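Colleague: I'd like to learn how to read charged contacts in a model like this one. Could you walk me through it?

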Amino acid sequence: MNHLKTFVLLAALTALFMGLGYLIGGTTGMLIALVFAGGMNLFSYWNADKIVLRMYRAVPVDESHPEPLIRNYVADIVQMSADAGLPRPQIAIIPTEQPNAFATGRNPENAAVCATEGLLRALTREEIRGVMAHELAHVKNRDTLTMTVTATVAGAISALANFGLFFGGGDRDRPGGMIGTIAMALLAPMAAALVQMAISRGREYEADRVGAEIAGDPQALASALQKIEGWSKRIENPTAEHNPASAQLFIINPLSGRGADNLFSTHPNTANRVKALMELAARMGGRRPTLTATPAGPRPSATGMPTTPRGPWG
């Protein structure tokens with residue numbers, strides 16, 4: 001079913017891309033857009049995860065990292081991946097202050113999970129485990145392909161719309177004329193809305209459920225979601241603000257810091273997610289995992305520099 005949804009979504013985005021090409025250059029422009037869209041879709045399938053990781057300047061980490069906090073982070077992901085029957089993903093840290101996390105990759109064999117520096121500083125180890133288990137659930141459910149490819153394609157559609165407005169906005173002889181120009185101005189934000197609507201909110205609920213089972217601690221994930229939402233309203237994620245189509249990748253909407261409209265949000269209401277997790281915790285009997293702790297000092301940044309925790313959840 002996920003493969004079918006991906007196909008339908010890419011077909012819709014490709015049609016939109018071709019429509020923009022027609023408005024810019026007529027039939028020739030539409031054909032060029034079709035060829036370009038086909039190549040872009042193929043390229044996105046194989047490389048979208050690498051594009052997203054580079055976009056967010058993700059830094060790979062492993063068990064050899066000098067900081068105990070980072071080693072615990074890596075060890076927990078490795079252990080939970082094995083428990084979930086998943087191959088070991090690439091593990092990285094994103095150098096931004098906003099606590100958040102995402103997963104990417106076309107399949108479990110080529111997946112990557114990333115947490116921000118702010119997440120590692122703001123949450124407890126149990127909460128970090130809950131968040132990363134949620135991301136592993138996306139990998140297990142094969143949601144990452146859909147989310148990554150749509151983010152890449154939607155970004156290209158917005159870029160094409162801007163290109164058409166910049167180079168053809170005053171050309172009345174091109175297909176669509178001024179009406180086409182206005183249409184393109186509207187289609188760019190509509191493309192982002194299409195991406196948001198195409199990714200079902202049910203994916204997040206399902207990833208919460210599966211992630212809570214992987215980590216064995218629904219309450220920790222519930223607590224983490226509340227904390228991340230609180231921080232996201234106070235700290236901006238500059239890369240996400242400049243690339244809003246990628247916002248769907250994160251566990252909590254990273255655009256909340258600028259009061260983003262939630263009408264087409266891919267993220268369910270956090271209070272509803274917390275309620276569902278607490279109900280799951282009651283059914284699980286409140287069992288919590290036993291952690292093998294590595295002694296840790298002050299919470300560091302991904303570069304290894306100790307950092308004093310900030311805010312009420314530090």
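Modeller: Gladly! A salt bridge is a side-chain nitrogen of Lys or Arg within 4 Å of a carboxyl oxygen of Asp or Glu. Here Asp76, Arg125 and Arg129 are linked in a network of salt bridges. This is a predicted model, where local features need pLDDT of at least 70 and side-chain atom pairs count only at pLDDT 80 or more, while totals for chains, interfaces and linings use all residues. Residues are numbered from 1 along each chain as its sequence is written, and side-chain values use heavy atoms, leaving out hydrogens and water.

Colleague: How many salt bridges does the structure hold?

Modeller: Eleven. In one of them, the side chains of Arg203 and Asp143 meet at 2.5 Å, N to O. Arg203 lies in helix H7 and Asp143 in the loop between helices H4 and H5, so the pair ties together parts that are 60 residues apart in sequence. Helices are DSSP runs (H or I, at least four residues), numbered from the N terminus.

Colleague: Are Arg203 and Asp143 buried or exposed?

Modeller: Buried means under 20% relative accessible area, exposed over 50%, and partly exposed in between (1.4 Å probe, protein chains only). Both Arg203 and Asp143 are buried.

Colleague: What separates Arg209 and Glu213 in helix H7?

Modeller: About one helical turn, because they are four residues apart in that helix. Arg209 and Glu213 form a salt bridge, with the closest N and O atoms 3.1 Å apart. Arg209 is partly exposed at 33%, and Glu213 is partly exposed at 39%.

How values were computed: Helices (H or I, at least four residues) and strands (E, at least two) are DSSP runs, numbered from the N terminus.
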